[in-house]
Amino acid sequence: MTKLLTIQGGKPLQGSVRVRGAKNLVPKAMVASLLGSSPSQLRNVPEIKDVEIVTNLLTIHGVKVEADVDTGDLTLDPSQMRTAEHSEIDAHAGDSRIPILFCGPLMHRNGEAFIPDLGGCRIGDRPIDYHLEVLRTFGAVVDKQATGIHITAPKGLKGAKLELPYPSVGTTEQVLLTAVLADGITELKNAAVEPEIHDLIAILQQMGAIITVNTDRTIRIEGVERLGGYKHRAIPDRIESASWASAALVTRGDIYVQGAAQRDLSAFLNTYRKIGGEFEVDDGGIRFWHAGGQLEPLVLETDVHPGFMTDWQQPMVVALTQAHGVSIVHETVYENRFGFTEPLRRMGASIQLHRECLGSNPCRFGQRNFLHSAVISGPAELQGADIDVPDLRGGFSHLIAALAASGTSRVTGIEIIDRGYEHFMDKLHALGADVELTER
Ligand SMILES: CC(=O)N[C@H]1[C@@H](OP(=O)(O)OP(=O)(O)OC[C@H]2O[C@@H](n3ccc(=O)[nH]c3=O)[C@H](O)[C@@H]2O)O[C@H](CO)[C@@H](O)[C@@H]1O
Ligand SMILES: C=C(OP(=O)(O)O)C(=O)O
């Protein structure tokens with residue numbers, strides 16, 4: 001059975017949606033529970049696919065996971081841990097990148113780990129060379145096999161001096177989850193400092209870890225012998241919040257995002273204001289709306305935190321198709337994150353892709369053959385189209401383009417959107433969207 005979403009566009013989205021814990025924190029917080037000698041409690045957990053995948057992976061490793069989907073409370077008890085079969089891990093890895101973060105905790109607890117083929121969005125090559133390099137420096141032995149990668153630590157894991165070629169989020173998390181129980185001190189230079197990393201550090205500190213973050217992207221971790229459980233409320237999802245904000249702009253609507261946190265959206269809110277979007281912050285969330293005038297074009301470059309996040313880029317590009325004039329977007333985090341613009345062009349948007357760096361941020365893709373800059377001319381009158389969702393954020397962008405377009409769009413592959421947008425169909429209905437889901 002495939003799901004088909006039919007969208008009649010042209011209605012402004014209006015109303016309120018609730019955003020819960022961050023997709024890019026919650027699964028990692030769940031993995032961290034493996035390091036504890038007692039149960040952990042995580043609050044504000046959303047019902048999204050990546051949480052389901054990590055729940056299954058933890059369960060096959062003997063962790064008892066109890067969830068209350070209404071309150072979003074999760075209890076994770078690792079006291080009966082066991083080693084899972086490679087075939088079991090493969091079967092449950094799904095379309096997520098999280099399995100690679102099990103390495104450190106599993107080596108500490110079971111002496112070995114297995115990395116299956118990883119999922120995640122197809123927005124670039126997404127190699128794992130930094131991960132394997134840091135694990136080797138901790139003392140792990142990496143054995144690449146036909147079905148995946150087997151990792152052992154025959155002499156234990158020892159603190160290390162590390163420096164990343166690029167501030168990779170996943171590799172920084174790999175280092176944190178490995179170093180906290182390693183023997184001795186780890187120093188990581190050029191670390192990622194995204195809000196989700198700080199939240200993971202807060203969790204590890206509650207468990208008993210000793211971690212210092214310096215202002216120069218250096219993280220110092222003093223290994224300890226034992227960690228306990230944690231009790232933590234996950235930070236809200238800043239990507240989902242920004243996505244609904246873009247939806248308000250594109251559809252000329254007005255959306256209150258309950259749970260959105262200004263602190264983690266700073267770069268996005270500056271851009272939102274410059275394009276002509278309005279927002280108002282209160283204790284419970286942020287209201288986003290289209291002020292009624294014309295939207296202004298922008299020059300935008302994605303970057304690591306505290307820059308404009310790459311996962312905000314795709315919905316924002318749809319908003320820029322509605323701005324009066326020429327906008328430029330330079331994607332510096334992933335080499336191939338503009339594939340989603342092809343359906344937008346079919347819908348009537350004017351977007352040209354370029355191999356050159358159209359911006360001044362240092363970028364790894366400039367002298368290579370990657371279409372990683374976009375020139376967008378607006379405003380475009382979008383028409384409905386048939387679309388197959390390519391990836392999580394690209395898919396959400398297509399939904400909001402279709403909601404703003406005249407006529408009917410038929411969208412397949414929407415299951416991908418469940419990876420990061422909790423109950424998005426219910427939310428679209430609540431916002432007054434004319435959408436219908438059928439199975440065929
Ligand atoms: C589950 C999760 O949290 N996903 C987020 C995480 O992905 P993820 O942790 O995979 O992203 P990274 O920060 O590691 O990747 C950044 C860049 O580093 C490169 N790289 C990374 C690792 C490596 O071993 N070798 C290498 O070359 C990647 O190809 C990419 O070009 O951070 C990204 C950047 O904020 C976000 O877009 C993703 O939503
Ligand atoms: C790229 C993303 O996620 P992942 O790393 O899980 O593919 C995303 O959330 O936009």
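In this predicted model, residues 7–428 are 30% helix and 23% strand. An unreviewed UniProt entry annotates residues 7–428 as "domain: Enolpyruvate transferase".

The domain assignment divides the chain in two. Domain 1 comprises 3–19 + 236–439, and domain 2 covers 26–233. Their centres, taken over C-alpha atoms, are separated by 30 Å. Contact between them involves 16 residues of domain 1 and 16 residues of domain 2. On the domain 1 side, the residues touching domain 2 comprise nine charged, four polar and three nonpolar.

Ligand 2 lies between the two domains, because domain 1 and domain 2 both give residues to its shell. K23, R97, G120, C121, I123, I239, D311, L392, R393 and G420 surround ligand 2. By class, this shell has four charged, four nonpolar and two polar residues.

A further site of interest is H150. This residue belongs to strand β8, which spans residues 149–152. Within 10 Å of H150 there are 15 other C-beta atoms. H150 is therefore partly exposed, since a buried residue would need 20 or more such atoms and an exposed one 12 or fewer. Beyond its neighbours within four places in sequence, H150 is in contact with E112, F114, D143 and Q145. P27 is 123 residues from H150 along the chain. The C-alpha atoms of H150 and P27 are 22 Å apart.

Notes
Residues are numbered from 1 along each chain as its sequence is written. Chains are lettered from A and ligands numbered from 1 in the order in which they are written. This is a predicted model: local features need pLDDT of at least 70, side-chain atom pairs count only at pLDDT 80 or more; totals for chains, interfaces and linings use all residues. UniProt positions are given in the numbering used here, feature names are shortened, and annotations may be inferred rather than shown by experiment. Helices (H or I, at least four residues) and strands (E, at least two) are DSSP runs, numbered from the N terminus. A residue is near a molecule or strand if its C-beta atom, placed from the backbone, lies within 6 Å of it. Ala, Val, Leu, Ile, Met, Phe, Trp, Tyr, Cys and Pro count as nonpolar, Asp, Glu, Lys and Arg as charged, and the others, Gly among them, as polar. Domain bounds come from an automatic or database domain assignment. Two residues are in contact if their C-beta atoms, placed from the backbone, lie within 7 Å.
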